[in-house]
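Me: I have a model open and want to go through a few spots in it. Can we start with the terms and then look at the details?

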Amino acid sequence: MFPDLGAKYIHVKEIGTGGTGIVNLAVDTHTGFQVAVKSLFKSHFENNPAMLKRFRIEANIYLMLSHPNIVKLKNFILKDGAHLVMDYIEGMTLEEYIRTVTGPIPSEVAIAIIKDIASAIGYAHQKKIPIAGYNGVLHLDIKPNNILISDSGKVMVIDYGISQGTKEDRMDQIVGSLMYMAPEQLDIDSTLDHRTDIYALGVLLHQMLTGITPYSSKKSKEDIIQYILNDPLERLIDIYPQVDNRLQEIIDIATSKNPDNRFKDCEDFINSLENISYAAN
Amino acid sequence: MQQIKIGKAPTNDIVIKDTTVSREHLEIFIDDDKNVFITDLNSTNGTYVNGVRIDKSVKLETFDILLVGNSLIEWPRFLIADDNLDKVYETLNDPPPRVNNSPDFLAKENNLKPIYKYSLISILILTIVVLILLFVDKNHTAFSINNNSSELENISESIDAEIPVQRKQQKKQRTTVTYDFSCLSNNGDIGSNDAIYNFGELTRDVQSSFFDDINISVEDEQDAGRGLLDAFKEKYRFINQGSDYRNLNSILNNLVGRLAKPRGFNYKIYFVDDPMLNAMTAGGHIFFFKGMYDFCKNNSEVAAIISHEIAHNELGHLTLDMKKQKAANEWGIFGEIVLEIENATTQSFNQKQESEADLFGMDLVYPTSFRNCDAITLWKRMSQNESEFDVVDNFFRSHPYSKNRSKCIKNHLTSNYNKNCN
C-alpha cells in the first residue's frame, strides 16, 4: 500500500513491512532519484501519539546526522499518516548478506565492515542535537537487519527509530531484538549510554565472523536473557575454526557484562581493530 | 531577535547551491522567546513544512521538517550556537536528559575387559546404566552390543581443547544440604509402593556389605562407560556439530564446574540422533537423546536432566552394580545368581537413586543461572506424557513414576534453599 504523496513521488514497489509500517520504493520526480518511503499509517498512531512523536524524532535525527555511513533523510511528509523519505540503498541487509552470500565473513572483510559501522555509530554518539533528552545520539538497536550493504559494497546504518526512546519504546524493543542487547538493556529502569551500542557492535562482529546468529542454540527467550546476563558469547573458534582468533579478545571486551570494562568509545574499539594487522597479499 | 535569509544568491545569510532553490527563497525570523517563523519569498519550487507547501508565514514547531526546493534545512541549529546546547533543551518542551546511573546488575583396561564377553552381563550393563527418564517410543527399546570405536573419541577430545574463557570464579554447589526421601513413600502413586521400596532398601544394604571387599575405581566406571559408548556407536548416530550440540556442551561444562568435590570423571556428552525420550550415563559419558532435547522447553530443563546424569556418576550409583559384575567375573556362575536377585529389586533401587540424583542435580543447578523450578515442570510434563504410552511392553516400564520425584525436589528446594516453586 502506497500513500498518496502527490505528483512528486511515483510508486515503484513495496520493499518491506514491519510491525509499525511499510517501506516502499519510489522515484522522486523532481530529482530523478530513487527513494525509500517508510510509512506509518494513521491507524498505527491514532491511539498512540507517542508513536508519531518517535517517528518525527527519527526524522530529525536523520536530518541532523550527516555521515557517509548513515542513511540520509530526503523529506518528511505528514499527510495520511507520516512518511520518512530516505535515500534508497540498492543492496541487501547485512543479515541477508551473511545468510545468503557469505556465511562466516573473512576476518579482514568483517573488520572493514564493522569499522564503518562503528565510525557511523561513534559519530552519532558525539553529535549534539537540539532535542531534549539527546546528548549525543544512541542507536540502541544495532543488528544485522539495521545495516545495509549496498551493491557497490558500501555500508549504511539505518533505523534510528528507537534510539534513546522512552521506557515503552524500550519495552517494544526487548520484544524485538533481544539477541543484540546488552545486559543493562534488559533492565528497563537502567539508563543507557554509548557503551550499550558498543556491546551490540561486539555481538554484530561475532555474528559476522561466525556466520550464525548469537545464542542460536538457546531454546527460549528466557534462556537468551539468562545467557546475556551471565555468560560470555560462544567462543568464535568453537563455531568456526578458521576464524582469526585475535578478534576474540576484542569481542570479549566489547561485550563485557559491566559497561565499565568495555571499550570506552567507538574510537577505542576501532583502534583496537586497527591493531590487528594482516600481511599484504 | 534574529533574521536569516536563505536562497541561491550569494547575498543570502545561508547560500544553498541547489537548482531547485530560488535566488531569494525563504526568510526565517526568530523572536526573543525563540519562536521560529518562516516566510516563503514567492519561490518557484516552494517551501514545505512536513511535506505541506506553505503560502505565507508559519510558525515552526518542535520536530517540524523544513524542505526548501529539494534541500532540507536543519533549522533547529539556528536556535543555538554549537557550543551552547543547553539553551535548546530549555527551548524545546521536553524533560531534561536523564542522568546516567549504572544498572543493578548486573582407562584402565585390564580388570574389567573380560566382562564384556559375557552376554548376560553385557545386557546387565545396560539395565544398570542409570536411566533418567524413560518412556519411550516402543520401537526403540532393544539394545544390541558390539565393540568398535574410532572417530567419536576425537570429536569429544576437541571439545575439551576449548580455549579458556575468562569467567568470574564459578560458585560451587552447596555441601551442607540434607537429603530427605520421606517424600518417596507416598500413597496412590504407581511404583512408589512402600513395601517394594523398603524391601529394595533392605536388599541393597545386604548386597552392599556382601560386596565390601570389591573395590571399584573411577577408572573401572569409565571402562564401563566406554563399553556402553561402543554399544551405542553401533546402534545410533551421534550429532556432533551444530548449535544444539554446542548448547549441550556448554550446559554440561557449566554444571560440571559447580561440583564441590568431583570424583574425577572426564565428562563427555553425546547427542544421540534418535527420537527416544531418554538420557543415560555411565562412567562420565552422558547420552542425551534428541527426543529428550526436543521435549525440553528451555535450557533450564536441559540442565535439570544433565545435572541429574552428572549426579548419578558423582553419587556412585553405578558402583554397586559394577561390584556385582566384578564378582560375577571372579566367581563365575555365582555371580549370575546374584544378578537375578538384583533384577527382582531393580525398581525400588532406582527410585531412591533417581530421586537422590534429582536432588544432587538441583544442588548443581542452584548456583547457575538456570531455574531450579523448571525441573519440576519438566518432571510433571514427563509424567503426563508417560500415560500416553503403552508402558507394559516398554523396557523402561520398571522405572517408578515421576510425581513423587517432583515432590522431593520441591521439598528439597524449600528446606535447603528456602526456594518455593509453584
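Reply: Helices (H or I, at least four residues) and strands (E, at least two) are DSSP runs, numbered from the N terminus. This is a predicted model, in which local features need pLDDT of at least 70, side-chain atom pairs count only at pLDDT 80 or more, and totals for chains, interfaces and linings use all residues. Residues are numbered from 1 along each chain as its sequence is written, while chains are lettered from A and ligands numbered from 1 in the order in which they are written.

Me: Where is Asn42(B)?

Reply: Asn42(B) sits in the loop between β4 (36-40) and β5 (47-49) of chain B. Its phi is near 50°, a positive value in a residue other than glycine.

Me: Is Asn42(B) buried or exposed?

Reply: Asn42(B) counts as exposed because it has 10 C-beta neighbours inside 10 Å. The cut-offs, with C-beta atoms placed from the backbone, are these: buried if 20 or more other C-beta atoms lie within 10 Å of a residue's own, exposed if 12 or fewer, and partly exposed in between.

Me: And what about phi of Asn418(B)?

Reply: Asn418(B) has a positive phi of about 55° and is not a glycine. It is found in the segment after α12 (403-417) of chain B. With 7 C-beta neighbours inside 10 Å, Asn418(B) counts as exposed.

Me: Changing topic: which residues have the most contacts inside the largest nonpolar core?

Reply: Ile114(A), Ile117(A), Leu201(A) and Leu66(B), in a core of 98 residues. A nonpolar core is a set of buried Ala, Val, Leu, Ile, Met, Phe, Trp, Tyr and Cys residues joined through C-beta atoms within 7 Å.

Me: What is Leu66(B) in contact with, leaving aside neighbours within four places in sequence?

Reply: Ile38(B), Val49(B), Leu60(B), Leu72(B), Ile73(B) and Trp75(B). Contact is C-beta atoms, placed from the backbone, within 7 Å. A second, separate core of 53 residues includes Ala224(B) and Met292(B).

Me: Which residues are buried in α11 (residues 266-274) of chain A?

Reply: Cys266(A), Phe269(A) and Ile270(A). They lie on the same side of α11(A), because they cover an arc of only 95° around the axis, taken from the directions from the helix axis to the C-beta atoms. The buried residues of α11(A) pack against α4 (107-126), α7 (194-210) and α10 (246-254) of chain A.

Me: How many residues of α6(B) are buried?

Reply: Ten of the 14, so α6(B) is largely enclosed by the rest of the structure.

Methods: Two residues are in contact if their C-beta atoms, placed from the backbone, lie within 7 Å.
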